[in-house]
Amino acid sequence: MKVTVMGVGYVGLVSGACLAEMGNDVLCMDVDAAKIEVLRRGELPIFEPGLLETVRRNVAASRLHFTCDAEEAVRFGTVLFIAVGTPPDEHGCADLQHVLAAARCIGRLMTDYKVVVDKSTVPVGTADQVHAAIAEALAERGVEVPYAVVSNPEFLKEGAAVEDFMRPDRIIIGADDPQAVLHMRALYAPFQRNHERLVMMDVRSAELTKYAANAMLATRISFMNELALLAERMGADIELVRQGIGSDPRIGYHFLYAGCGYGGSCFPKDVKALIRSAESAGESLQVLQAVERANERQKHVLVDKVLRRFGDDLAGRHFALWGLAFKPDTDDLREAPSLVIARDLLDHGASLAAYDPVAMDEARALLHDPQVAYADSPMAAAEGADALLVATEWKEFRSPDFARLRRTMRQPVVFDGRNIFSPEIAREAGLEYHGIGRPPRAGAPSTPPP
Ligand SMILES: NC(=O)c1ccc[n+]([C@@H]2O[C@H](COP(=O)([O-])OP(=O)(O)OC[C@H]3O[C@@H](n4cnc5c(N)ncnc54)[C@H](O)[C@@H]3O)[C@@H](O)[C@H]2O)c1
């Protein structure tokens with residue numbers, strides 16, 4: 001099948017490459033000429049495990065192409081994916097300007113039947129807006145060309161995006177048009193040979209499903225983060241509580257980790273957007289509002305611990321920060337808790353040495369502060385530090401040489417924002433260990449009640 005993907009970000013590029021991998025002819029288009037240039041050179045504008053090989057393989061097989069030319073892109077595919085960004089606007093609503101610009105562009109240039117697929121995460125009712133934007137552009141041209149608009153939200157996870165796209169848990173298709181349904185079934189058939197993964201529904205339900213999934217996951221995280229704060233006060237260990245409740249199949253182990261808050265390009269903006277679109281529909285989502293507030297607070301929890309340990313004035317103090325990306329295996333820094341942690345430390349007068357396996361260039365541009373140095377290894381970042389803060393659970397951080405770490409640091413103090421270390425092993429090695437929701441000793445509250 002001939003497929004066009006508009007937008008070569010994390011979702012568009014992965015979708016395009018994986019659809020090409022299944023034998024489709026795919027043209028990826030982006031308005032960002034620099035990104036297209038990078039791709040044409042055989043490199044990637046983002047870091048995503050396994051993606052470079054998939055892109056190179058399919059470019060070499062002439063199934064995957066890149067362009068900035070909108071006319072070429074719209075003419076090329078029968079199925080046109082819109083995979084552009086939907087960042088929050090100043091009120092926290094999803095900003096649909098890129099989606100609607102792509103829709104108008106399709107309407108201005110299409111000459112034959114198209115299945116237009118909203119893959120971007122968009123509020124309920126957006127497919128109607130996309131439909132209207134295309135209709136308006138066609139009317140301006142005075143032509144009638146048949147088309148259908150389908151909702152096909154994406155559930156891939158950055159860091160495992162290729163694997164998730166190739167072996168999806170489910171494929172949500174919201175479509176009313178029978179011909180469009182046939183195209184979508186054909187396109188996704190190779191991804192579900194093992195068993196049916198397509199969940200067909202109406203367009204509005206599909207649009208809401210994506211927000212519901214992210215909102216549920218964010219809720220689990222904020223719930224555990226709040227319980228972690230309580231566990232600290234009560235002398236319980238949230239890691240044991242997590243295992244205790246995760247064993248219940250109704251709860252499960254996934255997404256129950258306490259930490260220093262969720263970030264990334266999806267949860268924060270999607271939670272906000274769902275709250276806002278509920279408000280405009282006359283509903284007030286109490287649970288989600290609390291989820292968002294709890295997460296904002298959680299991003300400051302690690303530095304609050306630092307201030308309790310070292311005092312409010314951190315002038316002359318130097319800290320190591322391990323991990324900048326919002327989660328492991330990505331270079332994405334959007335809404336990363338590490339940025340809040342770094343700013344909190346800087347605001348209190350501290351200096352930092354940060355290390356991340358892939359996200360340091362991006363962080364340099366975002367933090368842009370002479371008090372932040374970037375080290376070329378975790379151990380180099382820890383050199384002479386008063387304390388180490390862990391903000392991202394990269395695998396390479398999980399089992400450090402604790403004895404060497406203790407010798408390298410000025411003071412052997414660790415604030416583990418992702419609970420990746422065993423407190424016993426760290427303490428055994430002579431480190432002062434502070435985790436999230438973990439008391440200094442089992443059965444002893446780490447924070448005295450106020
Ligand atoms: N990143 C994720 O993990 C993820 C997962 C699921 C869903 N989503 C959703 O998918 C959408 C895209 O997310 P992303 O992370 O890939 O975004 P991104 O910011 O990485 O990429 C978006 C791309 O769209 C391009 N673009 C903007 N306007 C365009 C236009 N008119 N025509 C062509 N290209 C255009 C931009 O230049 C950019 O390269 C968002 O709605 C997001 O919420 C993201």
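Modeller: Helices are DSSP runs of H or I with at least four residues, strands are runs of E with at least two, and both are numbered from the N terminus. By that scheme, L138 belongs to helix α6 (residues 126-141). The model is predicted: local features need pLDDT of at least 70, side-chain atom pairs count only at pLDDT 80 or more, and totals for chains, interfaces and linings use all residues. Residues are numbered from 1 along each chain as its sequence is written, and side-chain values use heavy atoms, with hydrogens and water left out.

Biologist: Is L138 buried or exposed? Which residues does L138 touch?

Modeller: Burial is read from relative accessible area, computed with a 1.4 Å probe on protein chains only: under 20% is buried, over 50% exposed, and in between partly exposed. L138 has 4% and is therefore buried. Contact means heavy atoms within 4.5 Å. Leaving aside residues up to four places away in sequence, L138 touches G107, M110, V143, V145 and Y147. Its C-alpha atom is separated by 8.8 Å from that of R104, a residue 34 positions apart along the chain.

Biologist: At what angle do helices α1 and α3 pack?

Modeller: Axes are lines fitted to C-alpha atoms, for helices over the stretch in contact, and angles between N-to-C directions run from 0 to 180 degrees. Helix α1 (residues 10-21) and helix α3 (residues 51-60) pack at about 50°, and their axes are 9 Å apart. This arrangement makes α1 oblique to α3; angles under 35 degrees would be roughly parallel, over 145 roughly antiparallel, 65 to 115 roughly perpendicular, and the rest are oblique. The α1 and α3 crossing is left-handed, a term for a near helix turned anticlockwise from the far one by less than a right angle, with clockwise giving right-handed.

Biologist: Which residues of α1 and α3 meet?

Modeller: On the α1 side they are L13, V14, A17, A20 and E21, which meet L51, T54, V55, R57 and N58 of α3. This contact divides into six nonpolar, two polar and two charged residues, where Ala, Val, Leu, Ile, Met, Phe, Trp, Tyr, Cys and Pro are nonpolar, Asp, Glu, Lys and Arg charged, and the others, Gly among them, polar.

Biologist: How do α9 and α10 cross?

Modeller: The axes of helix α9 (residues 203-234) and helix α10 (residues 238-246) come within 9 Å and cross at roughly 130°. These two helices are therefore oblique to each other, and their crossing is right-handed. M224, L227, A228 and A231 of α9 meet I238, R242 and I245 of α10. The residues here divide into six nonpolar, no polar and one charged.

Biologist: How many aromatic pairs are there?

Modeller: A ring pair is described by the distance of the centres and the angle of the planes. Rings of Phe, Tyr and Trp (its six-membered ring) pair if their centres lie within 6.5 Å; planes under 30 degrees apart are stacked, over 60 edge-to-face, and the rest tilted. The count comes to 10 aromatic pairs. The F165 and F191 rings have centres 5.4 Å apart and planes at 85°, so this pair is edge-to-face. F165 lies in helix α7 (residues 161-166) and F191 in the loop between α8 (178-188) and β8 (198-201), 26 residues apart. F165 is buried at 3% relative accessibility, and F191 is buried at 3%. Ring pairs link F165, Y188 and F191 into a cluster.
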